Amino acid sequence: MDRGQRRDPLLDHCRPVRRRGARPVLRGVPRSLSTLGAAVPRHPRRRAAGRTDATAFSTVFSTVLTVLTTARTSRRVYSTVTTAATSSVPPQRPSRTTGPVGRPLRQDLEGARAGVVGLGRSGRAAVEALTTLGAQVHVFDSREPSVESLGSTVAGVTVGDAEATARALEDSDLRLVVVSPGVPATGPVLRTLARVGTTTWSEVELAWRLQQDSSRPDVAWLALTGTDGKTTTVSMLSEILGQAGLRAPAVGNIGRPVTEAVLEGGADALAVELSSFQLHTTTSISPLASACLNLAPDHLDWHGDLEAYAADKARVYARTRAAAVYNAADRATVDMVDRADVVEGCRAVGFTLGAPAPGQVGVVDGLLVDRAFHSRGRSHAVELATTLDLAHLAPGAAVDRLPGHIVADALAAACLARAGGADEEAVAAGLRAYSPGAHRSVTVAQADGVTWVDDSKATNPHAAQAALSGLPAGSAVWVVGGDTKGARFFDLVSAVRSRLRGAVVIGRDQTDVLAALSAQAPQVPVRQVPDAPPSALMRAAVSEAARLARAGDTVVLAPACASWDQFSSYAQRGDLFASAVSALVEESGDAGDLSGAGGRSRGQRRCQE
C-alpha cells in the first residue's frame, strides 16, 4: 500500500477504455489547498513484500489491456489481473477455506455437533446454513417461542439466560459455535467459549467460509463499518454497483444475513455492512476493499471500553486485497489503516470533504472527484458526481442544506465501488438512484414553511451531531432523548447549540440530556415531554416542536439515544413521529407536502441501535 500513485499508476479497475477523460478540476487550485486535510497513512504492514518498477508495470499494463479486452465480463480476470497491476508480486487470492479441524468446510461439518447462540435473523440463517452442511445443530436462546418455531430441524435446544447458556456450553461437546451479534464480548457466553477453547464464529465468518468453499469463491466482498453512516453507505454502494451492471446486494448488519445471500448464489459481488459486534468474532474474511467510515464512543457496555470497540472496528481492514478506504478527517481510521495487516498490493485510499490529495477522493466546487483510481491522479481528477446528485437527501431537497455526513458517505461508497470495478457514470447514476432507508434523514413533511425530518436512526451522539450540523444557525428544533446507553451529551450540545432554535426532550429518564442542555446551551428554549404511551408521547413531542418552530426552520427527530425505554424500536419511534406530523399538518388545514412520509423509505431494519 502506498501514498497516492507512486507505485500504482493503473487504478481504473476493470475497464480498459475510459469513457470520459480525466477532468483537470484541480488545475488552478493552489498547491496548499490540494493537500488540506490529507492525512495519509504510512505504509501498513503487508503479508508479502515487493516493488513495482517501470518495466514490471509496462508488462503488466499490456497484459491487463489484452486480457480485459477479450474477457471484460470475467470476474476472475478482474480479481487476479488488475491486482497484479499494482504489484510485481502475484496477487493473493483467499486460500481454500477449511473447517475447525483443518479439512474442507463441508467435509468437516458433516455430522459434526455445532451450536448457534441467539435466534434472531442472523442466528436463524446460521442454523439453516449449518443444517444444509449436515451439521447436528444445538440452539440456545432466552425466548421459548423463538426455539419452538424451529420445530424438529435442530438436534438440541437450550432455553435460558446468558449464565444458563454459558453453563450449558461449558458442559457440551460442541466443536463449533456461531454467536449472534447480540452476545456481548464481556458477557459469560463468549468468556466461557474462550476459556474452554471452542471454535467461535460470527454468522459473517460462517458466510465467508461457505463462499470460499463454494463453486464461486471469487465473488468480491466490499466490506465497511463505522460508528455512523454504515447503512447509508452500503446502500449507496449496492446502488452504484447495480448501475455498473453487477448484482451486488447489500447484506450483513443492514438486515439480510450474509449466509442467506451466499446460499442463494447469483451475486457478482456483496456489499457487506459489518457492526463491531459481528467483527468481534470474524477472523478470516479477505475483502476486495474495506472501509471504516468514522469512530466515536458507542456500545461501550457491549465491548467494555473504547479501546476494545476501536480494535473490533479495525478488524474490517485485515487481509484486504485491493483498497483500504479511510476517512482523512478521522484520525482513528487513519491509524487503523496504518496498522492494518493487508495483502500485498492493497493500497490506502482516503476520502475527504475538501480538495483531495493524490490517492484520495474528495470535493471541489460541488464536484465529487477522484484522484485515486486513475492513472493521472497526481495532476488530474475525474468527476464522479455532483452534490446535485445528492440533493434529494437534503432536508426539503435543498442542496444548500445537504449534510456533510451524507457527502462523506457518498465518497466512501464511491471509493469501494471504484475498487469493485464501477466507472464514474455508474457512481453518479447510483447516487441519484439511492433512496434513504427508513428513519435516516427522511423528510416526512413540509408545511407552513417548516421542514420535518425523521432521523430516528440517530441513536448515538455522533449520529445526532451529523444530523444537525448541516442546518443553518438557529434554525433547528431538536427532538432528543431516550435510552442513553450510558452516553454523555455535553460535547454534543456544545457542538450543535449554534444550530438550535429549541429542543424538545423525550425519554423516561431525561436527566443527562437536560443537564447538558442547561450547561452548554442555557439560552436555548427547552420543552420536556412527560412519559406516556408511545403514540400519545410522540403527538405531544410534535405539538411542542410545532410551537417552537418558525417559517424556514427544520424540526429534526435525532434522539442521540436508543428507543427501548419508551418504544419498541427506533422504527416505531420514527413511524409515530411521521404519523403525528401528518396529523398535525392535516389539523392545521395546510395540506403541505407529505410526499416524504415514507415515500422514499425502503423499510430496512437494523440489527442494532
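Visitor: Why is Thr232 called buried?
Guide: Buried means under 20% relative accessible area, exposed over 50% and partly exposed in between, with a 1.4 Å probe and protein chains only. Thr232 has 9% relative accessibility, so it counts as buried. This is a predicted model, in which local features need pLDDT of at least 70, side-chain atom pairs count only at pLDDT 80 or more, and totals for chains, interfaces and linings use all residues. Residues are numbered from 1 along each chain as its sequence is written, and side-chain values use heavy atoms, with hydrogens and water left out.

Visitor: What does Thr232 touch, not counting residues up to four places away in sequence?
Guide: Thr232 touches Asp409, Tyr434 and Arg440; contact means heavy atoms within 4.5 Å. Thr232 is found in helix H9, where helices (H or I, at least four residues) and strands (E, at least two) are DSSP runs numbered from the N terminus.

Visitor: What makes Gly229 partly exposed?
Guide: Its relative accessibility is 23%, so it falls between the two limits of 20% and 50%. Gly229 is found in the loop between strand S7 (220-225) and helix H9 (230-243). Leaving aside neighbours within four places in sequence, Gly229 is in contact with Leu293 and Asp409.

Visitor: Which residues does UniProt list for "binding site"?
Guide: The unreviewed entry lists Gly226, Thr227, Asp228, Gly229, Lys230, Thr231 and Thr232. UniProt positions are given in the numbering used here, feature names are shortened, and annotations may be inferred rather than shown by experiment.

Visitor: Why is the pair Arg175 and Asp108 called a salt bridge?
Guide: A salt bridge is a side-chain nitrogen of Lys or Arg within 4 Å of a carboxyl oxygen of Asp or Glu. The N to O distance for Arg175 and Asp108 is 3.2 Å, so the pair meets that limit. Arg175 lies in the loop between helix H6 (162-170) and strand S5 (176-179) and Asp108 in helix H3 (residues 105-109), so the pair ties together parts that are 67 residues apart in sequence.

Visitor: Are Arg175 and Asp108 buried or exposed?
Guide: Arg175 is partly exposed at 32% relative accessible area, whereas Asp108 is buried at 1%.

Visitor: How do you know that Glu260 forms a salt bridge with Arg256?
Guide: The closest N and O atoms are 3.1 Å apart, which means that the pair lies within 4 Å. Glu260 is partly exposed at 30% relative accessibility, and Arg256 is buried at 19%. Arg121, Arg256, Glu260 and Glu264 are linked in a network of salt bridges.
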